[in-house]
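Morning, everyone. Please bring up the viewer. I have one model to walk through, and I will keep it brisk.

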Amino acid sequence: MVVLRSLLFAIVLAIFTPPFALFGILAYPLSPRTRHRIVTAWAPLMMWFIPRILGIRYKVIGSENIPSVPSVILSKHQSAWETMALQVIFPPLCFVLKRELLRVPFFGWGLAAIPGIAIDRAAGKDALAQVVDQGRARLAEGYWVAVFPEGTRTAPGAKRRYKAGGAALAQQAGVPVVPVAHNAGEFWGREAFLKYPGEITVSIGPAIDPTGLDAAEVNRRSAAWIEGEMHRLFPHHYRSGRNSTGAVSGEVEEAE
C-alpha cells in the first residue's frame, strides 16, 4: 500500500507541477505579488493531496507565536514536505535557496517566477551578504523569509551546524525570528520515494526579538530552542545520555 500511495503521489506531482511552472512563465508581465499568488497556489494544492493519498496529516502547536509583521522563519529541514507546509502555515513567504535550483525543469522555473532569495553557495562569505541584501528587500515588500539554517536536509535525530545567514538578516532588518521544529522526516525521508502515513507535529516557538543582540546570539538562541524542542517532542530520535536541553554549543556558525 505504501508503494502504491507513493507512486500515485509521484504521478500527481508530475501532472500538476509543470502547469504551475508554465503559469509562472506566462505571468511574467504581471506584478511579482500576482505571480507569487499564482505559482504558490501549488503548495496548498499538494497539501490537499498529501493526507488523502499518502495518509500524512499534521498538527501545529504554538501558532499563537506567529508575529503580526513579516519575520524570518528558521526551520528544521528534514524533507520536501516542509517546503510546502510552511507556505500554508505562515503568511506569504519566500525561501532562501541555492541558485542552481532555479535551473531544475518545471520546479525551478516556477521558483524563478516568484520573489525569492537565490544565493551562490560557492561565494563563501559573500553568500551571507546575498541573504541579507535580498532578504531585506523581500521583507520590505511584505514577504516573510524562510531559512533552513542547517543548509540541507537532515535525518530525524541528527543536526548540522546552524549557519547564521537568517539570524544576520533578522538582526540587520530588525525583524523577529520565528524558530520551527518538526518531525516530517519520520514519514517523508530525505529524497525518499516511499512516504509513510502518520501525523507530523510542527512546533512554532516564541519569536526572538533581535534588538540589542548580535547575529551570533540570535542564531544561538534559535538553534537552542529548535534542538531543545526536537529533544522534548521527539525523544525517541535521540540516544539516551545526550544533552536533553538540545544545546548546540560549538555547532553554530556565523557565516552563511
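A word on annotations before we start. UniProt features may be inferred rather than shown by experiment, and their positions are given here in the numbering of this chain. Also, this is a predicted model.

So, what does the record say? The unreviewed UniProt entry marks residues 6-27 and 39-58 as "transmembrane region". How much helix do those spans hold in the model? Residues 6-27 are 95% helix and 0% strand. The end C-alpha atoms of that span are 31 Å apart. Residues 39-58 come out at 75% helix and 15% strand. There, the end C-alpha atoms lie 23 Å apart.

Helix α1 is residues 2-26, and helix α2 is residues 32-40. Their axes come within 9 Å and cross at roughly 170°. The cut-off for roughly antiparallel is over 145 degrees. Therefore α1 and α2 are roughly antiparallel to each other. Which residues make the contact? From α1, we have F20, F23 and G24. From α2, we have R35, I38 and V39. By class, that contact has 4 nonpolar, 1 polar and 1 charged residues.

Look at β7, residues 198-204. Is this strand mostly covered or mostly open? Mostly covered: 6 of its 7 residues are buried. On one side, β7 pairs with β1, residues 56-61. Those two run parallel, joined by 6 bridges. I61 stands opposite S203 in β7. Then there is β6, residues 177-182, which pairs with β7 in the antiparallel sense over 3 bridges. Here H182 stands opposite V202 in β7.

One more pair. Strand β2, residues 72-75, and strand β5, residues 144-147, pair in the parallel sense over 3 bridges. V72 has V145 as its bridge partner in β5.

That is the tour. Over to you.

Conventions. Residues numbered from 1 in each chain as written. Predicted model: local features only at pLDDT ≥ 70, side-chain atom pairs only at ≥ 80, totals over all residues. Heavy atoms only, no water. Axes fitted to C-alpha atoms, helices over the stretch in contact; angles between N-to-C directions. Helix = DSSP H or I, 4+ residues; strand = E, 2+ residues; numbered from the N terminus. Parallel < 35°, antiparallel > 145°, perpendicular 65-115°, else oblique. Contact = heavy atoms within 4.5 Å. Nonpolar A, V, L, I, M, F, W, Y, C, P; charged D, E, K, R; others polar. Buried < 20%, exposed > 50% of the residue type's maximum accessible area, 1.4 Å probe, protein only. Pairing = 2+ DSSP bridges.
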